[in-house]
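Reader: Can we go through this model together? I'd like to start with the ligand.

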Amino acid sequence: MARSALLNVMVQAAMKAGRSLSRDFGEVQNLQVSLKGPGDYVSQADRKAEEIIHAELSRARPGYSFLMEERGAIEGDDGQHTWIVDPLDGTTNFLHGIPIFAISIALERQGQIVAGVVYNPAMDELYTAERGGGAFMNDRRLRVAGRSRLSDCVIATGIPHLGRGHHGKALVDLRNVMGEVSGIRRMGAASLDLAYVAAGRVDGYWEDWLSAWDMAAGMLIVREAGGFTSDRTGGQDILSGGSIVAGNEVIHKALLKTLAKPV
Ligand code: IPD
Ligand code: CA
Ligand code: CA
């Protein structure tokens, strides 16, 4: 499948970082890890992948700004474009040898996400989307699932853990949703949760307390697969607000309603 020059740059950077992560994933027990917070690890693999992505994208598009999980914000002189990067989404899975992790790269142009790549090297699954160009996994076009009843749906989410998120609020949400669906899944990588909505593997997804780099690429991939994404109020304050709800039009709306139920 012919990709645009822009998407090719993003895919090459993701694949190169993916080769590095695959090597490290194979020897994860030897990795130097330093505790970044209870239950949250920054691994050597994480930083190496970020260095590779930063070098590749800086060379291909000099002057673009960056927002990267480990390095933070890096201002470029272009002023119009920002790369939003999570070099290793699903770090805890990675360090436990669970093959559900991904590199997530998005490009924001004048405040709009125009391209996204989510790549899981362990499963060799490359999700891509450009604004207006559709969503693909390994060059196969993606479409969100067509289920229209929440009771038939499998819904993905994130569950807070030691030192992360508001446990009481999460329990209220879980109780409300579990009473209305066929199943709930906690994969451990938000970018893949969104990619799985786009691929129709899960029918919907919601999560709070996320960062822009967790969601930016996956959000576009869902939309380009015919899905809907919003914050919990149904608005578009997603990347700065840290909450996302995703699904096809009917399920997205049904999830918003269920999540709005009082305690
Ligand atoms: C985490 C994953 C996880 C989500 C956490 C994120 P990280 O990203 O996306 O699924 O529940 O909130 O921090 O830390 O592995 O890059
Ligand atoms: Ca992440
Ligand atoms: Ca990360």
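Author: We'll take the ligand site, then the domains. This is a predicted model: local features need pLDDT of at least 70, side-chain atom pairs count only at pLDDT 80 or more, and totals for chains, interfaces and linings use all residues. Residues are numbered from 1 along each chain as its sequence is written, chains are lettered from A and ligands numbered from 1 in the order in which they are written, and side-chain values use heavy atoms, leaving out hydrogens and water.

Reader: How many residues surround ligand 1?

Author: 14 do, the closest being D89, G90, T91, R186 and E207. Being near takes a heavy atom within 4 Å.

Reader: What sort of residues, by class?

Author: The shell has 7 charged, 4 nonpolar and 3 polar residues. Asp, Glu, Lys and Arg count as charged; Ala, Val, Leu, Ile, Met, Phe, Trp, Tyr, Cys and Pro as nonpolar; the others, Gly among them, as polar.

Reader: Which atom of D89 lies 2.6 Å from a ligand 1 oxygen?

Author: A polar side-chain atom. With G90, a polar backbone atom is 2.8 Å from a ligand oxygen. T91 also has a polar backbone atom 2.8 Å from a ligand oxygen.

Reader: Switching topic. What are the domains?

Author: Domain 1 is 5-141 and domain 2 is 150-259, with bounds from an automatic or database domain assignment. Each gives at least three residues to the shell around ligand 1.

How values were computed. A polar contact is a pair of N or O atoms within 3.5 Å; within protein, one must be able to donate a hydrogen and the other to accept it, and residues adjacent in sequence count only if both atoms are side-chain atoms.
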